[in-house]
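Try each task before reading its solution.

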Amino acid sequence: MSGRDLFCQPRRFGRGAALTLVFTSVLVAGAATGALPGDGRRTASGETREAPARHAEDVTRAAEEAAAVGKSPLEAAERAVSRSGDRWAAVYSAGEYEEFEESLDGRYTGVGLWARRDADGRIEVTEVRPGSPAAGAGIRAGDRLRSVDGHGVDGRPVTEVVSLLRGDATDAAAGTTVTLGLQRGTRAWSETLRRALLSTDSVTVRRVSGGVTVIRISAFTKGVGDAVRSAVRAAPPGAGIVLDLRGNSGGLVAEATATASAFLDGGLVATYDVDGDQRALHAEPGGDTDRPLVALVDGGTMSAAELLTGALQDRGRAVVVGARTFGKGSVQMPSELPDGSVAELTVGHYRTPSGRTVDGTGITPDLEVTEGALERAETVLSGLGDPS
């Protein structure tokens with residue numbers, strides 16, 4: 001298992017495990033956390049979100065009753081969410097939700113480390129973000145992380161280590177310090193870093209053999225749609241594109257729709273319901289509909305990434321290669337509680353243009369591949385014919 005101080009494996013926890021975990025499930029909640037059009041709370045990106053109804057009333061009532069008798073509204077809301085059976089619901093403190101929105105806006109507070117746990121339970125730094133506090137301190141890939149603020153990390157899940165690095169338990173802000181215990185070979189030392197507000201690299205672009213452009217999207221944060229459009233325009237004339245959505249756990253649904261618009265000339269992207277009210281998402285006209293396109297997916301492709309995959313598959317725009325996707329097709333919306341904390345609650349589900357449901361089933365690739373998926377995607381592109 002691996003992670004960094006923004007994205008981790010998607011799981012829903014209580015507050016102890018904190019925002020980092022909840023965030024990926026945001027990125028879990030693609031359609032959800034992604035600010036679907038309508039009235040309601042305004043996001044960091046300036047979009048509006050619908051206010052949830054129904055079981056939101058139960059959660060809000062529990063929070064209000066707790067506040068009235070001097071108890072924690074947030075904890076009362078968490079208990080109400082737990083009783084509801086809503087597997088994708090989450091409750092954030094005001095500080096956590098602010099960080100959550102910053103993350104969706106393409107920013108996060110951390111030190112810039114990627115890490116993994118080896119077979120012996122030790123935590124190893126796998127990558128250091130250039131220009132980050134960790135890079136400035138001289139930390140390198142291969143260094144062993146032994147402790148965070150005096151807490152030993154051997155044997156802990158990477159998600160918990162990430163939470164300590166970010167300071168989720170105390171809503172730590174940029175500028176706060178964190179002390180790391182490190183080891184490189186026989187040398188052991190401590191390093192005190194100041195957390196910083198860092199930007200994400202949600203879109204990476206590279207060229208492979210035959211002029212094929214690989215566009216990898218790790219999450220649908222703000223600006224992803226524009227970045228993908230730019231990458232498509234910059235690709236060699238007539239060359240194919242691999243849209244790599246493996247491990248993409250979702251994000252802003254508006255950005256997933258904008259990404260669909262890069263490859264479609266208008267038309268339906270998905271339908272969704274909010275408390276039974278049916279709505280639709282449409283692509284903007286003018287996308288590149290001529291280039292051969294392969295969408296690469298796996299079991300970590302979730303939510304907004306599944307919404308995009310389903311649209312490209314149903315519209316006949318892309319050949320989908322890889323493994324069956326996760327199956328997260330529900331929609332969450334935020335509800336503000338009396339103490340400023342926020343409950344994200346499930347209010348509906350989305351469907352692909354042909355009416356397929358994704359929740360619990362995922363999307364089956366046109367070509368199922370486990371090993372060498374990228375190489376197979378390139379082969380598929382070569383077989384799609386001369387686009388000219």
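The crossing of α8 and α9 is right-handed. Keep in mind that this is a predicted model.

**Exercise 1.** Classify how helix α8 packs against helix α9, using the angle between their axes.

*Solution.* Two packed helices are described by the angle between their axes and the distance between those axes. Start by locating the pair: α8 covers residues 224-234 and α9 covers residues 253-261. Their axes lie 7 Å apart, at an angle of about 15 degrees. Angles under 35 degrees count as roughly parallel, so α8 is roughly parallel to α9.

**Exercise 2.** Decide whether Ser261 is buried or exposed, and list its contacts.

*Solution.* Ser261 belongs to helix α9. Its relative accessibility is 2%; buried means under 20%, so Ser261 counts as buried. Setting aside neighbours within four places in sequence, Ser261 contacts Arg229, Ala283, Glu284 and Gly287.

**Exercise 3.** Describe the largest nonpolar core and the surroundings of Phe263.

*Solution.* The largest nonpolar core has 39 residues, and Phe220, Leu243 and Phe263 have the most contacts inside it. Helix α10 (residues 304-314) gives the most to this core, with 6 residues. Now centre on Phe263: among the residues it touches are Val228, Val232, Ile241, Leu243 and Leu312.

Notes. Residues are numbered from 1 along each chain as its sequence is written. This is a predicted model: local features need pLDDT of at least 70, side-chain atom pairs count only at pLDDT 80 or more; totals for chains, interfaces and linings use all residues. Side-chain values use heavy atoms; hydrogens and water are left out. Axes are lines fitted to C-alpha atoms, for helices over the stretch in contact, and angles run from 0 to 180 degrees between N-to-C directions. Helices (H or I, at least four residues) and strands (E, at least two) are DSSP runs, numbered from the N terminus. Angles under 35 degrees count as roughly parallel, over 145 as roughly antiparallel, 65 to 115 as roughly perpendicular and the rest as oblique. A crossing is left-handed if the near helix is turned anticlockwise from the far one by less than a right angle, and right-handed if clockwise. A nonpolar core is a set of buried Ala, Val, Leu, Ile, Met, Phe, Trp, Tyr and Cys residues joined through side-chain atoms within 4.5 Å. Buried means under 20% relative accessible area, exposed over 50%, partly exposed in between (1.4 Å probe, protein chains only). Contact means heavy atoms within 4.5 Å.
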